[in-house]
Amino acid sequence: GGGRRGGQMVGLHDLEDGLIARCWPEERVLAGLRVCKAVRLALRHAESALLEVSEQSTVILQLRQAEVPRSSAADFLRLIQWLKCPTTIHQKPFSCSKVYDEICMALISAMGLGWSNLTSLQLEITDAKLAIPLIEGLRIHRDLRHVKLFLPIGCRELKELGTAMQGWQELRTLDLSFNTILDEGLLNLVEGLPHCTKLQGLKLQSCGVTFEGIRHLGPALRPLTSLQVLRIPFNALGDSGIYRLSRDLKHSQELRRLDFGYCSLGDRGMRGLVMSCLTLQLESLDLKGNCFGDEGAGILGAALACLSGLKRLNIASNRFRVRGFRVNC
């Protein structure tokens with residue numbers, strides 16, 4: 001990685017002491033840090049450059065899975081302690097591979113020492129011992145705007161996360177997809193959601209949530225008047241869960257994209273969902289992989305004329321007959 005100037009990237013082989021500082025613009029900094037064998041060289045050059053980075057700049061650190069030398073953890077800790085400006089830390093690619101414990105521990109240590117400039121975090125860890133320290137460290141980051149986490153998570157971790165979220169009043173997007181949240185865990189998580197009044201996107205794909213848990217999510221969404229995207233596919237919500245949640249979505253007048261794919265939606269739940277959709281200005285509605293038949297398709301088809309802003313509708317892999325749906329449309 002390196003600095004970007006006029007669309008040109010500066011590679012590690014081009015770097016000399018102080019060169020990054022001259023390449024970075026004053027108002028915005030894009031620093032791509034690749035954690036690899038050359039990390040010591042990158043850190044050495046970056047430290048000298050960071051002395052000249054203003055607090056109005058933005059630094060982006062991208063952690064890539066590669067051969068990470070154990071000795072780089074101390075250097076990484078020293079680097080992020082230098083950062084006095086808003087910082088984004090993204091682990092890429094975001095997959096099921098293990099992030100190295102030394103790097104994660106360095107991040108936790110920096111937060112424990114008072115470093116609080118993090119604005120965006122995308123991170124995956126598989127060591128259960130690191131989940132609680134990481135979440136506790138995130139409490140001090142009041143300016144967090146984007147969070148995507150994949151953690152070994154249980155009720156205790158979710159309770160800590162719900163408590164930390166009470167201070168994230170600038171949060172815009174929260175993605176906890178593929179975490180084993182379950183119903184009991186969601187009850188702990190929703191304690192922090194009403195405090196994130198600027199939240200625009202919430203993603204809880206494949207989190208093991210059923211009707212028992214989703215009934216607690218609806219009331220927590222009511223204060224989130226800025227919510228634009230809600231994605232909770234691959235959760236067995238059923239008709240009762242979707243009907244219950246749909247009633248609370250009437251308060252989310254900014255909602256534009258809704259995803260209930262593979263949520264066991266049937267004919268009965270479709271009626272409640274459509275009634276709520278008629279009060280919104282949806283642009284995208286994803287209902288693929290459910291179980292509604294001709295009756296549910298008829299209810300949806302009759303409502304399409306009123307959904308004038310709808311640009312994308314996915315109803316693949318359901319149980320209705322195509323001919324019957326065309327007649328209803």
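Visitor: Hi! Where is the place of Glu160?

Guide: Glu160 sits in helix α6, residues 155–165 (helices are DSSP runs of H or I with at least four residues, strands runs of E with at least two, numbered from the N terminus). This is a predicted model, where local features need pLDDT of at least 70, side-chain atom pairs count only at pLDDT 80 or more, and totals for chains, interfaces and linings use all residues. Residues are numbered from 1 along each chain as its sequence is written, and side-chain values use heavy atoms, leaving out hydrogens and water.

Visitor: Why does Glu160 count as buried?

Guide: Because its relative accessibility is 19% (buried means under 20% relative accessible area, exposed over 50%, partly exposed in between, with a 1.4 Å probe and protein chains only).

Visitor: And what is Glu160 in contact with?

Guide: Leaving aside neighbours within four places in sequence, Glu160 is in contact with Ile132, Ile135, Glu136 and Arg139. Contact means heavy atoms within 4.5 Å.

Visitor: New topic: which residues are buried in helix α8?

Guide: In α8 (211–221), they are Gly213, Ile214, Leu217, Gly218, Ala220 and Leu221. These residues cover an arc of only 165 degrees around the axis, which puts them on the same side of α8; the arc is that of the directions from the helix axis to the C-beta atoms.

Visitor: What covers the buried residues of α8?

Guide: The cover includes α7 (182–189), β8 (201–203), β9 (229–231) and α9 (238–249).
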